[in-house]
Amino acid sequence: MTPQQVADRSAAAMWADDRATQALGMRIRSVAPGRAELEMRVREDMVNGHGIGHGGLTFTLADSAFAFACNSYNRSTVAAGAEVRFTAPTRLGDLLVAEAVERDREGRDGTYDVTVRREADGMVVAEFVGRSKEIRGTLF
């Protein structure tokens with residue numbers, strides 16, 4: 001298989017069992033080795049008491065993009081840590097797009113940068129850094 005075929009098949013295997021990502025209405029836009037792009041629309045049940053999108057759900061979108069990127073090699077990989085910086089609020093109805101890109105990968109460890117943008121105007125709403133750790137097993 002080509003690296004792209006491995007990434008596609010890995011994403012399909014993960015998606016099949018990822019109930020959290022599915023329940024939040026996320027959609028995979030693309031995957032490639034060490035990369036993934038997911039989208040999520042801010043729904044009424046995702047808005048907090050200030051009338052803006054809940055930051056935890058923006059974090060979850062970034063975390064899901066990170067997960068698909070770091071698992072794109074068909075090696076079971078989990079988060080070892082993550083941090084986020086919110087740069088702008090989200091609003092009801094916004095379509096958010098998270099793009100995860102591998103920064104480095106050595107041995108069983110990796111670092112991924114995820115940028116979350118509001119699709120309508122391209123505004124960056126969050127910047128996320130995830131650190132991954134390979135565990136035993138494969139996705140397919």
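This briefing describes the sheet, the nonpolar core and selected residues of the structure above. The model is predicted. Six strands form an open, antiparallel sheet in the order S1-S2-S4-S5-S6-S3, and helix H3 lies across S1, S2, S3, S4, S5 and S6. The largest nonpolar core has 29 residues, and its largest share, eight residues, comes from H3.

**Sheet architecture**

- The strand order across the open sheet is S1-S2-S4-S5-S6-S3, with antiparallel pairing.
- Strands S1 and S3 are the edges of this sheet, each pairing on one side only.
- From one strand to the next, the twist averages 20 degrees.
- Helix H3 (55-70) lies across the six strands S1, S2, S3, S4, S5 and S6 and runs at about 150 degrees to S2.

**Strand pairs and hairpins**

- Strand S1 (residues 27-32) is joined to S2 by five bridges, and the two run antiparallel.
- Within that pair, Ala32 has Arg35 of S2 as its bridge partner.
- The hairpin of S1 and S2 has two residues between the strands, and Gly34 in this hairpin takes a positive phi near 75 degrees.
- Strands S5 and S6 run antiparallel and are joined by nine bridges.
- Bridge partners in this pair include Val116 with Ala126 of S6 and Thr111 with Arg131 of S6.
- The S5 and S6 hairpin has five residues between its strands, and Gly122 in the turn has a positive phi of about 75 degrees.
- Nine bridges also join S3 to S6, again in an antiparallel arrangement.
- Phe86 stands opposite Ala126 in S6.

**Nonpolar core**

- The residues with the most contacts inside the 29-residue core are Leu38, Met40, Leu61, Leu96, Val114 and Val116.
- Helix H1 (3-17), strand S2 (35-41), H3, strand S4 (95-106), strand S5 (109-118) and strand S6 (124-134) each supply at least two residues of this core.
- H3 provides eight core residues, the largest share.
- Leu61 touches Met26, Leu38, Glu39, Met40, Leu96, Val97, Ala98 and Val116, leaving aside residues up to four places away in sequence.
- In soluble globular proteins, nonpolar side chains tend to be buried together.

- Thr58 lies in helix H3.
- Thr58 counts as buried because its relative accessible area is 4%, where the cut-off is under 20%.
- Not counting residues up to four places away in sequence, Thr58 touches Phe86, Thr90, Leu96, Val116, Val125 and Ala126.
- Thr115 lies in strand S5.
- Thr115 counts as partly exposed because its relative accessible area of 21% falls between the limits of 20% and 50%.
- The contacts of Thr115, with residues up to four places away in sequence not counted, are Val97, Ala98, Glu99, Val124 and Ala126.
- Thr115 and Val101 are 14 residues apart along the chain, and their C-alpha atoms are separated by 8.7 Å.

**A loop residue with positive phi**

- Asn74 is found in the loop between helix H3 (55-70) and strand S3 (77-86).
- The phi of Asn74 is near 60 degrees, a positive value in a residue other than glycine.
- Asn74 is classed as buried because its relative accessible area is 11%, against a cut-off of under 20%.

Methods: Residues are numbered from 1 along each chain as its sequence is written. This is a predicted model: local features need pLDDT of at least 70, side-chain atom pairs count only at pLDDT 80 or more; totals for chains, interfaces and linings use all residues. Side-chain values use heavy atoms; hydrogens and water are left out. Helices (H or I, at least four residues) and strands (E, at least two) are DSSP runs, numbered from the N terminus. Buried means under 20% relative accessible area, exposed over 50%, partly exposed in between (1.4 Å probe, protein chains only). A nonpolar core is a set of buried Ala, Val, Leu, Ile, Met, Phe, Trp, Tyr and Cys residues joined through side-chain atoms within 4.5 Å. Contact means heavy atoms within 4.5 Å. Two strands pair if DSSP finds at least two bridges between them. Axes are lines fitted to C-alpha atoms, for helices over the stretch in contact, and angles run from 0 to 180 degrees between N-to-C directions.
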